[in-house]
Every structure is written in structure tokens, then in C-alpha cells.
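Work through the exercises below with the structure in view, and try each task before reading its solution.

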Amino acid sequence: LHKETEQKKKEEEIIKPTKTQVILYYIYLQKAKIIPYFENHPIGKIEAIEELIKKDGIDTTKNYFQKVYNKFTNHPSNRIARNQVNNIQFVIDHLLNDHPKAMEIAKEELNQAITKNR
């Protein structure tokens with residue numbers, strides 16, 4: 001019984017994206033021009049992030065979201081890195097199914113991340 005509970009827990013974890021994966025998802029949507037960049041938002045970057053978190057019910061704070069978002073967008077090497085391979089793969093497998101253009105961008109970055117430090 002314990003094993004089944006552990007397995008069920010693992011499955012739930014797999015399906016629920018982490019904060020980092022959610023942020024990557026939005027970055028790929030932006031790169032594919034599906035949603036506007038927060039920096040270009042008429043109400044300002046912080047407000048745009050706050051609005052998105054509320055609208056999409058994201059389980060994070062605007063400060064945390066902005067910190068990770070900035071880390072990935074200001075320094076793409078943080079995003080296209082070996083330690084992000086699993087996150088990018090998750091976004092491709094679970095979050096970008098309805099966005100082929102964003103998925104292409106994510107797959108390209110995944111390949112770069114995998115081959116980066118061989």
C-alpha cells in the first residue's frame with residue numbers, strides 16, 4: 001500500500017509544474033510572440049507579472065516570479081543550461097502542446113542545453 005501511495009504522489013508531482021517550469025512556459029510564449037513581454041506592458045513590468053499571477057492562478061509571489069524571470073531573460077545562459085534540461089523537457093512535454101511555435105523554440109533551447117557542457 002505504501003508503495004502505491006508513493007507512486008501516486010510521484011505521478012501528481014510530475015503533472016504539477018514547478019514555479020520554474022511555469023516561468024519558463026511564459027518565457028517561451030513570449031519568445032513565440034503569443035503573449036507580450038512584461039517589459040512592454042503598458043501598466044509596467046511588475047504590474048504585468050502580478051496581473052498574470054492573479055489571472056492564471058499561479059502559486060507564487062510577484063517578487064519570486066520576477067527574480068526567476070529576470071535570471072532567465074537577462075542571462076539566457078541561466079535558462080539554456082544543463083541544470084534546466086529537465087525543466088525545459090517538462091515544459092515541452094506538458095505545457096506547450098497547444099503552442100507549436102513556442103514548442104519549437106523550447107526544443108531548440110533544450111538541444112542547446114543538452115549539448116552545452118558535454
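**Exercise 1.** Determine how the reach of helix H3 compares with the span expected for its residues.

Solution. Helices are DSSP runs of H or I with at least four residues, strands are runs of E with at least two, and both are numbered from the N terminus. Helix H3 covers residues 45–56, which is 12 residues. The expected span is 1.5 Å times one less than the number of residues, and the 16 Å from the first C-alpha of H3 to its last is close to the 16 Å expected. This is a predicted model, in which local features need pLDDT of at least 70 and side-chain atom pairs count only at pLDDT 80 or more, while totals for chains, interfaces and linings use all residues. Residues are numbered from 1 along each chain as its sequence is written, and side-chain values use heavy atoms, with hydrogens and water left out.

**Exercise 2.** Work out which residues of H3 are buried and what they pack against.

Solution. A residue is buried under 20% relative accessible area, exposed over 50% and partly exposed in between, with a 1.4 Å probe and protein chains only. By this rule Ala48, Ile49, Leu52 and Ile53 are the buried residues of H3. Seen down the helix axis, they fall within an arc of 135° (taken from the directions from the axis to the C-beta atoms), so they line one face of H3. Lys54 and Lys55, on the other side of H3, are exposed. The buried residues pack against helix H2 (19–31) and helix H4 (62–74), where contact means heavy atoms within 4.5 Å.

**Exercise 3.** Describe how the rings of Tyr26 and Phe38 are each placed against Phe65.

Solution. Rings of Phe, Tyr and Trp (its six-membered ring) pair if their centres lie within 6.5 Å, and planes under 30 degrees apart count as stacked, over 60 as edge-to-face and the rest as tilted. A search of the whole structure finds 5 aromatic pairs. Tyr26 and Phe65 form a tilted pair, with 6.3 Å centre to centre and 55° between the planes; Tyr26 belongs to helix H2 and Phe65 to helix H4, 39 residues apart. Phe38 and Phe65 form an edge-to-face pair, at 5.8 Å centre to centre and 80° between the planes. Phe38 lies in the loop between H2 and H3 and Phe65 in helix H4, so this pair ties together parts that are 27 residues apart in sequence. Both Phe38 and Phe65 are buried, and Tyr25, Tyr26, Phe38, Phe65 and Tyr69 form one aromatic cluster.
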